[in-house]
Amino acid sequence: MDVEHLKRKLEKEIREAVLAFQTREDITCRFGEPAVAYVSVDDVRFDMLFARGLNGHPREIYRPGRTIILYYLPFAEELVKANEEGEAPTEEWVRCHYESLWLAMAVNQKIREVIVGQGRLISGLSNMVSWDDAHCREDWSFKLAAAIAGLGEMGPAGSFHIDGKYGGRVGGMITDGMYAEKPETLEGEALQKALSEILDPCLYSGPCSEELIATCPGGAITTEGIDKELCRDYCRNFNETTPVPEVCGKCFRFKR
């Protein structure tokens, strides 16, 4: 099977997995059309993030890996809009955070079946609930990888924006197959700029607008930026084990 045919098959299986998942009686969340991207583990930005202690390195996680298959599973627009109202995150938003994790597991299984069917090796990158409490981050960020892949861009508190929208689950798998474009050669100022374009929108250093500051129910956002520890402490009210900003999401719709 050639690469383009394989990609079409993967994307079809992912779409079908999303549709099938929503027929389950225990599922209340609704999802939009998934998006898929592929990125080489040889992209030097992975090296830089790892060196700065901001993310795991894909080769450290799975040494045979050569391509990361990434997907974005958007929440239904009405659920996202509803969470913009009120001070605390809605019950539906928090519920969808958990249900999207279950959906990602189902999608991963479909990806695994397709890749193994081609005689290739494949592995997960994270169990999706790993949490480094000291650094207030997940051990591996699918969102950072997706930004490197050009699937979308980062936003406040490590949110992820695609086609002007936010609210959804980013996941992926790593394989020894070569399905991504050869990464651009980046060094010096060009590399620093490319990395800044990914990291700066997360706003962990200022400035932040008054509108953005006012939307945070945990008091974690000031003119100096977003305080990861205060954000973590507030989000622990909704997910004690993995207090990621996604369980709140109040600031995600802003840029600054």
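**Is F75 buried or exposed, and what is its relative accessible area?**

The model is predicted: local features need pLDDT of at least 70, side-chain atom pairs count only at pLDDT 80 or more, and totals for chains, interfaces and linings use all residues. Residues are numbered from 1 along each chain as its sequence is written, and side-chain values use heavy atoms, with hydrogens and water left out.

Step 1. Buried means under 20% relative accessible area, exposed over 50%, and partly exposed in between (1.4 Å probe, protein chains only).
Step 2. F75 has a relative accessible area of 8%, so F75 is buried.

**Exercise 1. Find the aromatic pair that contains F31 and describe its geometry.**

Step 1. Rings of Phe, Tyr and Trp (its six-membered ring) pair if their centres lie within 6.5 Å; planes under 30 degrees apart count as stacked, over 60 as edge-to-face and the rest as tilted.
Step 2. The whole structure holds eight aromatic pairs.
Step 3. Now locate both rings. Helices (H or I, at least four residues) and strands (E, at least two) are DSSP runs, numbered from the N terminus. F31 sits in the loop between α1 (3-21) and β1 (35-40), while F75 sits in the loop between β2 (67-74) and α4 (77-83), so this pair links distant parts of the chain, 44 residues apart.
Step 4. Widen the view. Ring pairs join F21, F31, F75, W93 and Y166 into a cluster.

**Exercise 2. Which lysine lies over the face of Y38, and at what distance from the ring centre?**

Step 1. A charge sits over a ring if NZ of Lys or CZ of Arg is within 6 Å of the ring centre and within 35 degrees of the ring normal.
Step 2. K7 lies over the face of Y38, at 4.6 Å from the ring centre.
Step 3. For a further example, look at Y204: K228 lies over its face, at 4.5 Å from the ring centre.

**Exercise 3. Work out the strand order of the open three-stranded sheet and find its edges.**

Step 1. Strands of a sheet pair through backbone hydrogen bonds, either parallel or antiparallel. Two strands count as paired if DSSP finds at least two bridges between them.
Step 2. The order is β4-β5-β6, with antiparallel pairing.
Step 3. β4 (153-155) and β6 (165-166) each have a single partner strand, so they stand at the edges, and one side of each is left without a neighbour in the sheet.
Step 4. Zoom in on β4 and β5 (residues 159-162), which pair over three bridges. G155 has S159 in β5 as its bridge partner.
Step 5. In the loop between β4 and β5 you will find A157. A157 has a positive phi of about 60 degrees although it is not a glycine. With a relative accessible area of 4%, A157 is buried.

**Exercise 4. Describe how α1 and α5 pack.**

Step 1. Two packed helices are described by the angle between their axes and the distance between the axes. Axes are lines fitted to C-alpha atoms, for helices over the stretch in contact, and angles run from 0 to 180 degrees between N-to-C directions.
Step 2. α1 and α5 (residues 91-117) pack at about 145 degrees, with their axes 9 Å apart.
Step 3. Contact means heavy atoms within 4.5 Å. Among the residues making it are L6, L10 and F21 of α1 and W102, L103 and I115 of α5.
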